[in-house]
Amino acid sequence: MSHIIFNGQIILSEAPCVNVFDRGFTLGHGLFETMLIKNGTIPLLPYHWDRLLTSSCILGIKLPFTYSDLQGMTTDIISKNQLLNGKGSLRLTVTDGVSERGILATGNPTPSYTLTSAALPEKKRHSMNAAVVETRRNELSMASRVKSISYLDNILARKEAVLKGADEAFLLNSKGFLAEGSVSNVFIVNNKTVSTPRIDDGALPGVVRHVILNELNLSELTIKEEEISLEMLLNAEDIFITNALFGVMPINQINDVKISNNPGISSLISKRLIERFDYI
C-alpha cells in the first residue's frame, strides 16, 4: 500500500486529507512540480525548487516549507514507497489553502501541500507522434509562466490530439506561433541550430528546457529561443520534445507530415544530460 505526504505528515494514499474548501479544489489556485526519481534521488531538484519559488510568487502563495524540508520529505517518501532503485515520478502539489467561498481568499489561509510518488515503467518509448491542435495557449496570461493545477487547456489539447491518433498535442499561441506541447516543451533543429519557443510566446519554463538552454556543454550547436511559425515547425529537419519524466523524446510525425528525424542532435543532448546530471 502506497503512502503520501500531506502537510508534512506521511499517511496512506487512501486516507482522506484534502479539505473541500481548499482553494486548489474549488478554484484551481495552486501549482505543482513533477520530478524524476532515479535510484532514490531527484537529479534536478534544485531547478524544480527555483521554478517553484518563481511560480509561488506569481500566484501569491507563500511556500510552507524550505528547500531543506523538501529534500527531507522527498527522501522520506521515496524510501517509504520503496523507490530506491530504478526510475519513478514524484509530484509536489501546493495550493493556497482553505478559505471561505469567493474568488479572493479571506483572512490569511495556510497553504496546503502533498507529495505523491509512483514507479515508472522500465521500458522507455523511443519516439512519439504529435498533432497541432485548435486549443490555443494564451501567451499574454501570467498563468502561462506557471505550472498551475488549472490544467484544463492542456487536457482539452491532449484529448484533441489523441482523437487525431497522436501521442502529444502542440499548442499555438494567439498569434499563431508555436507555444508548447500539452506536457512538454518543443525544440526544432535546422543546420545544427536548435530553437525553442520563447517564454513570451507561451512556453512553460520547463526544467529540462532550462538545463538545455543554460547548463549543458553544447558548444557545437547553436541553441536559441525564437518565434517559431507553423511553417518552420513542419519544415524542420528534426523535432524533439522535453519534460521531466522522459527527458528528450524525438517526434516522428506531426499531423500527416513525416519528420526526417535525424536522431543525432537529440541523442547528443540526451548524452550530455546523462554526463552532467545522470539524467534519464
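Contact here means heavy atoms within 4.5 Å. Helices (H or I, at least four residues) and strands (E, at least two) are DSSP runs, numbered from the N terminus. The model is a predicted one, in which local features need pLDDT of at least 70 and side-chain atom pairs count only at pLDDT 80 or more, while totals for chains, interfaces and linings use all residues. Residues are numbered from 1 along each chain as its sequence is written, and side-chain values use heavy atoms, with hydrogens and water left out.

Which residues of H4 are buried? They are Asn 154, Ala 157, Glu 160 and Ala 161. Seen down the axis of H4, these residues fall within an arc of 125°, so they line one face of the helix; the arc is that of the directions from the helix axis to the C-beta atoms. The face of H4 turned away from the buried side carries Leu 152, Lys 159 and Leu 163, which are exposed (over 50% relative accessible area). After H4 comes Gly 165, with a positive phi near 85°.

Helix H3 (residues 67-80) has 14 residues and reaches 20 Å from its first C-alpha to its last, close to the 20 Å expected (1.5 Å times one less than the number of residues). Leu 70, Met 73, Thr 74, Ile 77 and Ile 78 are buried in H3. Within an arc of 130° down the helix axis, they too line one face. Their packing partners are strands S1 (3-6), S3 (30-38), S4 (87-95) and S5 (112-119), together with helix H2 (45-59).

H2 and H3 pack at an angle of about 130°, with their axes 11 Å apart. Axes are lines fitted to C-alpha atoms, for helices over the stretch in contact, and angles run from 0 to 180 degrees between N-to-C directions. Leu 45, Pro 46 and Trp 49 of H2 make the contact with Tyr 67, Leu 70, Gln 71 and Thr 74 of H3.

Asp 76 also lies in H3. Leaving aside neighbours within four places in sequence, Asp 76 is in contact with Ile 5 and Ile 10.

Notes: Buried < 20%, exposed > 50% of the residue type's maximum accessible area, 1.4 Å probe, protein only.
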